[in-house]
Structures are given as C-alpha cells and as structure tokens.
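Hi there,

Here is the structure I promised to pass on.

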Amino acid sequence: MRDTQARINAQIDGIRSVATAFTGSWLRHSNAPDRLPQVFSKLAVVCDKAITDFERQRIETGDQHTLACKSGCDHCCRHETVVATPLEVFALAAWIRENRTVLEIHRIKERAEAYLEHFRTNDPSCLPCPVLENGGCQGYGGRPLICRGYHSFSLDSCRRKYRGLDDTIPHNRPAYLAAGHMRGSISAKISEHNLPAPQVVLGAALAIALRDEQGLERWLSGENLFEGLEFKLPYGAHRSEIEYIKTH
C-alpha cells in the first residue's frame, strides 16, 4: 500500500511540474494568445495520459469497479459547479469558435449569459453547464482538465447524490487528483505572474470569454474580466481528496 501511495504521489508531482512549466512558458511567450490552443492541447494530452495510466493501474491492482460514465450521461454537467483557470476558459472558448457552427455558438452563448446572470444573483442553485446540450458536451474536445478527471463508478450514486439522498460518489480518486493538481499548478503560475482571477466559475466565465475575441489579450494585460466570478477556496483538490492519498 505504501508503494502504491509513493508511486501515485510521484506521478502527481511530475504532472504538477509539467503543468507549471507549460503554463510559465506560455505566459512568458511574446505571442501568448496565438499559442494558447497549442499549450492547452499539450496540457490536455498530459492530463488524459495520466488518467489513462491511473485507470490501468487501478485495474492491475485488482480493483473491481467499472466506469459508469458514458455518452449521454450528464448528471455532473447538470448539477456541479465547475471551476477552471482562465487558461482553460479561453481555450474552451477558442475551441468552440473553431469547431461549432454559428447557430451552435449562438445557443452556447445564450446559455452562458443565462448562467452568468443566474450566478450574479447569488442563488445557491446551480444551472447546467452552458456547453451541455441534449445530454452531450458541445465543447468536449476543449473541456477543462477537471472534467477529464472525474470518473464515476456508480450511476446510481450519481442519481442519489443529485436528488439529495447521498453525498458520496465512488470514483477514480488518483485520476481526479491528477486533474485537480494540474489545475492548481496552472492557477499558482497565473498568480505568480500577478494576473487576475487565477480560478473562476466556468459557466459564468465562459459568457465573458465568448463575448469578446480580444478578451484573452485584455486578461493577459492585467484586466480582470472575471471580477466577481473568482473561485475563492484554495486551488487544487479538495481536502478530502488530499487526505485519500495520505491514508491509502
């Protein structure tokens, strides 16, 4: 068990280092806006590989769980508040502009604006992610890191949680940690460069990112486009997730 813990910790440390290096290099680049899709693609590849590795290792150790997530399952997309870095938000906006039709983009914008308006009312309820349409993600290729890393083992648990009957969903925790710590490392590097809003609420921030194609340049210049949309808790994985690595 200790060997497993040490291996997971080492893998996550390596992933964090890669995310830090990629983000720092991007922020220092003279043409950072044009390089964003390439940088995010590299980060996504690292994240996806880590998740695949953790899934393989889980199976090799004899874990009997099977993944419940599949196309058309959208419980977390409808009920969770997704937190992302501005790097991820602008990358998602760029992916949508590049890969969706004018009509599809218009519908995403409408939902994002509705999400933003709802968020600013301080209503504690959560709207579905604005990229969700007919049970599918319209930004799947550009989805944030944490969306890539959350893999449920029980559809019934998802249903129970989002009906308020339970608060526990069994999932691949090392995979979730990998995505969460990558997000945290990106956020830390953004803060180190004194840029605003290192973590934001995705659904609301996407409305801002889709309004103005020059928004990334404005944010890189220090303008806080996401004022009031910042995620205030410490970056990275939740305390309970960190404790899992320490105790398993």
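**Helix packing**

H5 and H9 are oblique to each other, because oblique covers the angles left over once under 35 degrees counts as roughly parallel, over 145 as roughly antiparallel and 65 to 115 as roughly perpendicular. The axes of H5 (residues 102-119) and H9 (residues 202-211) cross at roughly 130 degrees and come within 7 Å. Axes here are lines fitted to C-alpha atoms over the stretch in contact, with angles running from 0 to 180 degrees between N-to-C directions; helices are DSSP runs (H or I, at least four residues) numbered from the N terminus.

A word on the source: this is a predicted model, where local features need pLDDT of at least 70 and side-chain atom pairs count only at pLDDT 80 or more, while totals for chains, interfaces and linings use all residues. Residues are numbered from 1 along each chain as its sequence is written, and side-chain values use heavy atoms, with hydrogens and water left out.

Back to the packing: helix H2 (residues 32-60) and helix H4 (residues 86-99) meet at an angle of about 110 degrees, their axes 10 Å apart. H2 is therefore roughly perpendicular to H4. Their contact (heavy atoms within 4.5 Å) is made by Leu36, Phe40 and Leu43 of H2 with Leu87, Glu88, Phe90 and Ala91 of H4. Sorted by class, this H2 and H4 contact has 6 nonpolar, no polar and 1 charged residues (nonpolar: Ala, Val, Leu, Ile, Met, Phe, Trp, Tyr, Cys and Pro; charged: Asp, Glu, Lys and Arg; polar: the others, Gly among them).

Best wishes

Terms used: Helices (H or I, at least four residues) and strands (E, at least two) are DSSP runs, numbered from the N terminus.
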